[in-house]
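Visitor: I have a model open and would like to go through it. Can we take it piece by piece?

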Amino acid sequence: MKVSGETFTCERCKVTAGWIAGSERSGLPHGWAKKRRKVHCLACRRDLAAEAVLESVPDGTPASELPKLKASARVEFELDRDADRPDGEIAKACGTSIAAVRKAREKFATAGRG
Ligand SMILES: [Zn+2]
């Protein structure tokens, strides 16, 4: 794919994206975000959301709980980004189950963010 004009490189995984020649679109690719002059792709933003949750895990949380916490952080990130997407789609994007997405959705609504 020939990319012209603006291209973006993810700070974390170094993937590069941009707009094809002749495209009228510009700016960051779909799902990407720029924060403190650092650009991250959607996949990395999801991972960063998952890692961020580990920093706020209470002491004494069993290590076996961590993958679950990370998975729900990913789902919450997706809900925050676009809550209108079907549960199945979010589950697939986050590598988790539809049941986990439903649970996160409830939590999300209770937190008053949804
Ligand atoms: Zn990335």
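Visitor: Start with Ala 52. Buried or exposed?
Guide: This is a predicted model, to begin with. Ala 52 is exposed, because 12 other C-beta atoms lie within 10 Å and the cut-off for exposed is 12 or fewer.

Visitor: Which helix is Ala 52 found in?
Guide: Ala 52 belongs to helix H1, which covers residues 42–55.

Visitor: And how far is Ala 52 from Arg 74?
Guide: In sequence they are 22 residues apart; in space, the C-alpha to C-alpha distance is 10 Å.

Visitor: What angle do H1 and H2 pack at?
Guide: About 130°, and the axes of the two helices are 8 Å apart. Helix H2 spans residues 66–81.

Visitor: What do you call that arrangement of H1 and H2, oblique or roughly antiparallel?
Guide: Oblique. Roughly antiparallel needs an angle over 145 degrees, and H1 and H2 pack at about 130°, so they count as oblique to each other.

Visitor: Is the crossing of H1 and H2 left-handed or right-handed?
Guide: Right-handed.

Visitor: Which residues meet there, between H1 and H2?
Guide: From H1, Arg 45, Arg 46, Ala 49, Ala 50, Val 53 and Leu 54. From H2, Leu 66, Leu 69, Lys 70, Ala 73, Arg 74 and Phe 77. By class, that contact has eight nonpolar and four charged residues, with no polar ones.

Visitor: Switching to domains. What does the assignment give?
Guide: The domain assignment gives domain 1 as 1–40 and domain 2 as 42–114. Their C-alpha centres lie 25 Å apart.

Visitor: How many residues are in contact between domain 1 and domain 2?
Guide: Seven residues of domain 1 are in contact with five residues of domain 2. On the domain 1 side, four are nonpolar, two polar and one charged.

Visitor: Now the backbone. What is the phi of Lys 14?
Guide: Positive, about 65°, although Lys 14 is not a glycine. Lys 14 is in the loop between strand S1 (3–9) and strand S2 (16–20).

Visitor: Lys 14, buried or exposed?
Guide: Exposed, because Lys 14 has 9 other C-beta atoms within 10 Å.

Visitor: What about Arg 37, where does that lie?
Guide: Arg 37 lies in the loop between strand S3 (33–35) and strand S4 (38–40). Arg 37 has a positive phi of about 65° and is not a glycine.

Visitor: And why is Arg 37 called exposed?
Guide: Because 6 other C-beta atoms lie within 10 Å of Arg 37, and a count of 12 or fewer is classed as exposed.

Key:
Residues are numbered from 1 along each chain as its sequence is written. This is a predicted model: local features need pLDDT of at least 70, side-chain atom pairs count only at pLDDT 80 or more; totals for chains, interfaces and linings use all residues. Domain bounds come from an automatic or database domain assignment. Two residues are in contact if their C-beta atoms, placed from the backbone, lie within 7 Å. Ala, Val, Leu, Ile, Met, Phe, Trp, Tyr, Cys and Pro count as nonpolar, Asp, Glu, Lys and Arg as charged, and the others, Gly among them, as polar. Helices (H or I, at least four residues) and strands (E, at least two) are DSSP runs, numbered from the N terminus. A residue is buried if 20 or more other C-beta atoms lie within 10 Å of its own, exposed if 12 or fewer, and partly exposed in between; C-beta atoms are placed from the backbone. Axes are lines fitted to C-alpha atoms, for helices over the stretch in contact, and angles run from 0 to 180 degrees between N-to-C directions. Angles under 35 degrees count as roughly parallel, over 145 as roughly antiparallel, 65 to 115 as roughly perpendicular and the rest as oblique. A crossing is left-handed if the near helix is turned anticlockwise from the far one by less than a right angle, and right-handed if clockwise.
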